[in-house]
Amino acid sequence: MNRRGGLWRRFLRHRSAAAGLVVIAALAVVAALAPWLAPHPPDVQNLPGRLAPPGTPGHPLGTDELGRDILSRLLYGARISLVIGIIVVAVAVGVGVPAGALAGYNPRYDGVIMRAVDLMLSFPGILLALVIIAVLGPGLGNTMLAVGIFSVPVFVRITRASILSVRELEYVQAARAAGARDGRILFRHMLPNCLAPLLVQATFRVATSILTAASLSFIGLGAQPPTPEWGAMLATGRVNLYIAPHVTLYPGLAIFITVLAFNLLGDGLRDVLDPRLRAAH
Amino acid sequence: MLQYVLRRVAHLALVAAGVVVVTFSMLHLIPGDPAHVIAGDFATQESIEGVRRRLGLDQPLPVQFARYVGRLARGDLGASFRSNVPVTRELGLSYPISAQLAVYSLALATAVGVPLGVVAAVRRGTFADLATMVVAMAGLSIPSFWLGLNLILLFSVRLGWLRSIWGGAPADYILPSVTLAMFSLALIARQTRSSMLEVLTQDYIRTARAKGLAVRAVYYRHALLNALIPVLTVIGLNFGYILGGTVITESIFSMRGMGTLLVASILDRDYPIVQAGILVLALNFAVINLLTDLLYALIDPRIRYE
Amino acid sequence: MTQSMRWWTVVACAVTVAVAAGAAGPPAAGAPARDVLRLSVRTTVVGLDPKFETASTVGFINSNVLESLVTTDFDGKTILPQLATEWRAETGSSWVFRLRPNVRFHDGTPFNAQAVKFSLERMADAESVHRGDFAWLQSVEVVDPLTVRIRSKFPYAPMLSALAFYQPYIVSPTAVQQMGTQFGQKPVGTGPFKYESHVPRQRTIMVRNDDYWGPKAKVSRAEWIIVVEENARLAALLSGELDILTIIEPSIMQALATRPQFAVLRGPDDLVDRVGFNARKRPFDDVRVRRALIHGVNRMQMIATIFGGVGVAYDPPLAPGIWGYDPQTMGRLSYPYDPNKARALLAEAGFPNGFRTTFTIINRPDHRQIGEVIQADLKQIGVEVALRALDFATVSQSTRQGEHDMYIIGTYGVGDPDRVLPEFESANFNVRNRNFWADPEVDRLILAQRQELDTQKRLALVRQAAAKIREAAPEFALRWRRAVLAINKDVVGYRVHPQKWYVRDTSVGR
């Protein structure tokens with residue numbers, strides 16, 4: 001309890017991390033309250049009023065190429081981006097951590113799992129995602145899956161390394177000698193040890209995933225219209241960049257700020273949880 | 001050492017074989033028949049069958065795979081389904097563009113990122129440290145497609161300083177290199193900072209300082225050189241990443257690099273190009289990893305590979 | 001310590017400047033030589049061999065280098081002589097063409113009847129992707145070196161139009177034999193330009209053919225540069241790196257409106273935006289549902305807004321640029337925007353609360369935008385549309401197999417009606433008929449017009465078929481497009497053609 005309090009205080013003293021957390025909390029609130037905060041529904045079009053500049057009455061950030069309210073779409077988009085970040089990381093952790101634990105704990109599987117990881121890493125990331133989406137069909141769900149799959153290797157490696165570092169430690173040996181089953185040893189004694197590096201990496205990965213998913217939406221493979229995903233908003237506004245720069249400006253800023261917040265949070269967590277980890281990532 | 005290199009090369013061959021199998025299988029899992037793309041939307045069934053026969057797509061998959069591997073073993077990458085252009089020419093046109101882009105953007109990222117990282121480390125905890133790291137984080141967080149578009153808008157449309165369409169001139173690499181450098185710059189700056197910090201706290205640096213060596217010499221000769229080793233990994237990894245992951249930057253700046261070539265070929269179901277291209281990128285990645293590891297051993301005599 | 005840091009900062013700056021300067025090299029945006037025309041193309045060009053390419057862009061670019069027996073005027077309809085000087089029908093299925101004398105291919109070999117036979121048979125052989133378009137071709141006979149006889153399997157009224165299309169170009173047999181599979185990288189024809197170099201997916205360069213049989217090209221060089229990014233094209237036009245932008249978005253028109261140095265050219269276009277229903281699937285098998293959905297889409301507003309005022313809505317099958325279109329009877333839309341009527345029709349058909357369906361589009365910004373607007377419009381009449389944005393390969397295969405509900409079609413807007421009528425024949429199910437709608441009487445009319453050589457009689461048959469199709473409404477058209485190009489006003493003499501990008505008579509002024 002005492003130690004935890006110390007961590008928390010250290011974390012709050014970490015100015016940039018605290019800032020990141022505040023932004024993320026704000027985003028979460030915005031996402032949750034989007035229907036109440038947004039001045040308009042996100043999909044309602046008004047073609048005659050398209051590409052209205054920021055400051056137009058009723059549309060503080062202007063309207064897009066179909067006359068939809070950009071502010072409202074941004075607010076709804078916050079939901080999508082946060083969900084993307086969380087689900088992608090959940091997929092990656094859900095596959096990567098068990099695989100990494102298995103590889104680290106049981107040398108029999110180590111070779112196979114690590115070769116598979118090498119193979120995955122050697123595929124160029126965004127192309128791998130593209131091929132996966134081509135196989136499964138475009139859509140937000142498949143995009144999250146594809147981005148999740150190519151984030152798996154990082155988690156395998158981290159988990160395996162942490163497990164390896166404690167495998168021969170006394171307390172694990174003691175548990176084994178006491179006749180504890182493998183599963184119990186792994187979950188009760190070894191995995192908790194990986195939590196800090198996993199938490200740090202997961203935070204960074206949320207950031208990367210939001211960015212990657214936005215890139216995929218930008219080339220038309222992510223969120224399907226009319227979903228107000230920020231990358232997709234950028235993609236459709238792109239053609240009007242010259243005559244209506246605001247249509248791309250705000251989603252771009254939204255992506256930037258959100259990703260930055262997660263990155264700052266991850267950086268702070270790393271400093272606080274384990275100073276030795278600074279060299280990682 | 002030689003044994004280590006041999007083992008790594010064998011490992012590399014294994015990965016290459018894996019890439020060949022996985023790429024082939026995944027390509028054939030994608031719905032959409034190459035013959036439909038080539039024969040066009042309005043083609044008759046007969047035209048489609050004709051194209052399929054011409055390309056050998058009428059054969060069972062195992063036969064197609066065996067033929068592909070057989071050709072590969074003879075060093076024959078085949079020709080594009082779409083255009084009959086030899087795959088070596090298609091890749092030969094694209095690879096140098098992507099490679100140059102990677103070199104320039106990494107040079108830029110290193111030239112700016114390392115000094116930033118050193119400043120942050122040496123002045124740890126000061127405002128300079130915070131500012132540097134926030135800047136680095138910003139680089140890591142900015143969507144490259146957004147940055148690229150805005151660079152065009154600013155430098156090509158509004159100011160008219162730089163050309164917006166790629167013509168192969170050195171100046172044409174400036175905007176795309178800057179766009180791509182942001183991400184690597186951030187990683188390099190952060191890596192430099194943390195490994196500098198680690199080195200600075202080590203005994204031999206303290207000793208050197210205690211011995212009264214000039215501060216500057218301590219930083220440069222001892223600390224920086226050692227700190228650079230992990231930075232090398234970041235640079236190496238990013239080289240692979242940029243070669244394969246620049247689809248968007250390439251398309252925004254109309255460059256026919258590996259990214260645009262492969263994406264177009266995936267959409268066209270141009271199997272020969274995709275297969276060869278992914279293999280080249282994967283080997284590239286593996287070789288660079290190997291070289292970085294070996295370079296480690298050269299720079300740091302403490303590292304020995306059995 | 002401070003000093004050392006200052007030193008580092010200096011190094012960092014110096015390196016940055018050096019990198020930037022080293023990369024700067026020759027001055028950017030160099031003033032283009034005035035004897036060169038630079039055009040930008042938005043779609044990727046890989047190969048140029050007409051036998052293996054279906055992309056219209058390839059045919060458009062080729063039109064400067066390769067020629068066909070006949071071509072069309074700038075309306076895309078009127079047939080003009082090109083490599084043939086005159087022609088006559090011996091019978092309904094046998095035509096004789098007199099060829100232009102003293103014409104040589106770019107490789108120096110003579111153009112003659114043998115080359116015509118070779119080229120047309122090549123387009124129709126088993127490997128050709130256009131085999132289906134030449135299903136009518138019986139034989140090409142060499143009568144004498146400058147006369148050919150073309151026989152069709154049945155009386156074929158649209159033959160001249162088929163020969164004037166941007167695919168059946170006459171190529172040098174010698175070059176084809178010598179170059180083999182690489183012919184597509186540098187096709188050899190008889191046109192006012194000859195290919196100099198072609199970098200697939202990047203640029204295609206052609207130079208003037210000084211031995212051309214007709215008026216020589218005004219510029220010595222034309223460069224076709226692939227630029228996909230619309231903003232990059234705009235920047236390049238503004239800075240003078242490009243002279244002509246082919247096919248532009250409304251946003252570029254708007255951006256150029258205030259700049260006197262640039263102009264927007266318009267002309268008839270071969271492109272349309274049509275939306276088809278899969279009439280084999282419920283509920284689209286009910287004509288009332290089809291009509292209701294057409295009444296539910298506000299086409300006029302789409303044209304005025306997202307299409308930038310470019311194009312006119314029409315009732316398929318005949319776009320206003322197609323022969324047989326009659327402004328008197330077809331000028332008024334049969335199913336204008338009327339959401340109340342749409343709801344009434346839906347209710348009558350048994351869908352008072354609408355229904356759910358899908359709209360298959362190609363994953364392109366323009367299709368997505370169209371999809372989103374139609375989705376919003378149809379929501380107003382209770383129809384919930386889910387967009388299926390897929391890549392071209394998947395869309396093509398999936399619509400061919402009839403897996404779709406609604407889908408989007410991009411051609412044709414000019415020329416002979418038989419270019420579009422096959423889409424309404426039952427014989428073309430799973431090939432060109434993706435509405436899966438057919439009618440025995442329409443089948444009969446289409447076949448009859450195809451074989452009717454008497455113009456007046458054919459016109460009547462075409463219009464009868466068109467009226468029946470309009471009534472059954474298996475599809476609707478958002479608009480017949482206008483070809484819109486942006487040019488630098490230094491460019492003189494460029495005329496918009498719906499099927500060719502002729503630059504022979506174009507020069508760059510000053």
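Mentor: Let us settle one term before anything else: contact means heavy atoms within 4.5 Å. This is a predicted model, in which local features need pLDDT of at least 70 and side-chain atom pairs count only at pLDDT 80 or more, while totals for chains, interfaces and linings use all residues. Residues are numbered from 1 along each chain as its sequence is written, chains are lettered from A in the order in which they are written, and side-chain values use heavy atoms, with hydrogens and water left out.

Trainee: How many residues of chain C and chain A take part in their contact?
Mentor: Chain C gives 23 residues and chain A gives 21 residues. The area buried between these two chains, meaning the accessible area (1.4 Å probe) that two parts lose on being put together, summed over both, is about 2100 Å², and carbon and sulfur atoms give 55% of it. On the chain C side, C:Asn231, C:Arg368 and C:Glu372 lose the most area to chain A, together 26% of what that side buries.

Trainee: And how many salt bridges are there between chain C and chain A?
Mentor: The count is two, where a salt bridge is a side-chain nitrogen of Lys or Arg within 4 Å of a carboxyl oxygen of Asp or Glu. A:Arg68 and C:Glu372 meet in a salt bridge through their side chains, at 2.5 Å from N to O.

Trainee: Switching over, how many residues of chain B and chain C are in contact?
Mentor: There, 65 residues of chain B are in contact with 64 residues of chain C. Together the two chains bury about 5400 Å², 60% of it on carbon and sulfur atoms. Within chain B, the residues that lose the most area to chain C are B:Phe42, B:Arg82 and B:Ile165, together 12% of what that side buries.

Trainee: What about salt bridges between chain B and chain C, how many?
Mentor: The count between them is six salt bridges, and B:Arg163 forms a salt bridge with C:Glu241, with the closest N and O atoms 4.0 Å apart.

Trainee: How many helices and strands does chain B have?
Mentor: Chain B has 13 helices and zero strands, taking helices (H or I, at least four residues) and strands (E, at least two) as DSSP runs numbered from the N terminus. Its C-alpha atoms fill a box of roughly 85 × 60 × 30 Å along the principal axes.

Trainee: Last one: what percentage of chain B counts as buried?
Mentor: Of its 306 residues, 58% count as buried, that is, under 20% relative accessible area (1.4 Å probe, protein chains only).

Notes
Buried < 20%, exposed > 50% of the residue type's maximum accessible area, 1.4 Å probe, protein only.
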